[in-house]
Amino acid sequence: MPISAKTSRAALVCLSALLPGSVHAEGIDTEHLFGFMIGTDVGNVGEREFQSQTTGGFSRNGGRYRAISQELELEFVPARNFRIEIGSAFAAHDINGVPGLEDRRQLSWQGVSVDLRYRFLNRDAAPFGLTVAVESHADRIDETTAAAVRNYGTQFALAFDRDVIPNVAVAAVNLIYQPEWTRLVGTGAAEQESTIGVALGVMTQLRPGVFLGAETRYLRRYEGIGLQELAGQALFIGPTAYFQLSERSRLTASWSVQAWGRPAGPSAALDLVNFERHQARLVFGVNF
């Protein structure tokens, strides 16, 4: 017995309602798709999210080095194309026998942050998406050394993305500049540094709500906020996976390894003075 057109349409509507949010008709949502990068999507007006972001850095120049940051964040979309995120972070360090760093084993409240994003171009209506992000933070614990500090920094990011295959694959590029000011609590010594970089990521949808891809980041660390003196450089490469757990929850897992690097001065195959050998990130989010 043939199926009527009305029955077919009803079945399609029911099927589409069961698909995760990342595969709606408007295409792939890149807001939380990447691990160490950002996409250009910022959410819809009125959306609210809670997010837990765990970032780890492992292995430096000799000895034992583990640094883990746990950030708890709230995200709001008060206006079209504009997103606000506020957060607080805790830091855990296990450092022993690393040249240039004091041995420490501690867990401390690290600081607070504010992330503002504005989308100038929507890739659904333009050749590519374009978003500007400004994330400022104030920390009392240095993220690398675990020393007590007064640290202030801002990361400026310019994000581009474009659908490679509609509803299947998307590519993104990030341009990054991050100046930081640090004062050591114990000695009062002041330091300035900055990081610039470019990142490329590609994510492919294997099944509805499940993405797998890779991110590549090239970073350069400088003494001073005006890029005065190069301290080191590194190239990170690694996989990223995204899972839409339910209509309201998601999980992103990313891991990067330093494939090449060079500190200022001595010739070396890796820069383990300014950067870790391995970096990992796990992000869980839920709408409410």
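Strand 2 (64-79), strand 3 (82-96) and strand 4 (104-121) each put at least two residues into a nonpolar surface patch. Strand 4 is the top contributor, with five residues. Leu-74 is found in strand 2 and is partly exposed, at 32% relative accessible area.

A word on the source: this is a predicted model, where local features need pLDDT of at least 70 and side-chain atom pairs count only at pLDDT 80 or more, while totals for chains, interfaces and linings use all residues. Residues are numbered from 1 along each chain as its sequence is written, and side-chain values use heavy atoms, leaving out hydrogens and water.

**The barrel**

The chain has one helix and 12 strands; helices (H or I, at least four residues) and strands (E, at least two) are DSSP runs, numbered from the N terminus. The 12 strands close into a barrel in the order 1-2-3-4-5-6-7-8-9-10-11-12, with antiparallel pairing. From one strand to the next, the twist averages 20°, with axes fitted as lines to C-alpha atoms (for helices over the stretch in contact) and angles run from 0 to 180 degrees between N-to-C directions. Strands count as paired if DSSP finds at least two bridges between them.

Strand 1 (residues 48-58) and strand 2 run antiparallel and are joined by 11 bridges, with Gly-57 opposite Ala-67. These two form a hairpin with five residues between them, and Ser-59 in the turn has a positive phi of about 75°. Strand 2 and strand 3 share 14 bridges, including the one between Arg-64 and Asn-96.

**Salt bridges**

The whole structure holds 14 salt bridges, each a side-chain nitrogen of Lys or Arg within 4 Å of a carboxyl oxygen of Asp or Glu. Here are some of them:

| Pair | N to O distance |
|---|---|
| Asp-41 and Arg-119 | 3.1 Å |
| Glu-276 and Arg-60 | 3.3 Å |
| Asp-115 and Arg-83 | 3.6 Å |

Asp-41 lies in the loop between helix 1 (5-18) and strand 1, and Arg-119 in strand 4, so their bridge ties together parts 78 residues apart in sequence. Asp-41 is buried at 9% relative accessible area, where buried means under 20%, exposed over 50% and partly exposed in between (1.4 Å probe, protein chains only). Arg-119 also counts as buried, at 12%.

Glu-276 and Arg-60 are both buried. Asp-115 is buried at 4% relative accessibility, and Arg-83 at 1%. Arg-83 and Asp-115 also belong to one network of salt bridges that share partners, together with Glu-31, Glu-75, Glu-85 and Arg-117.
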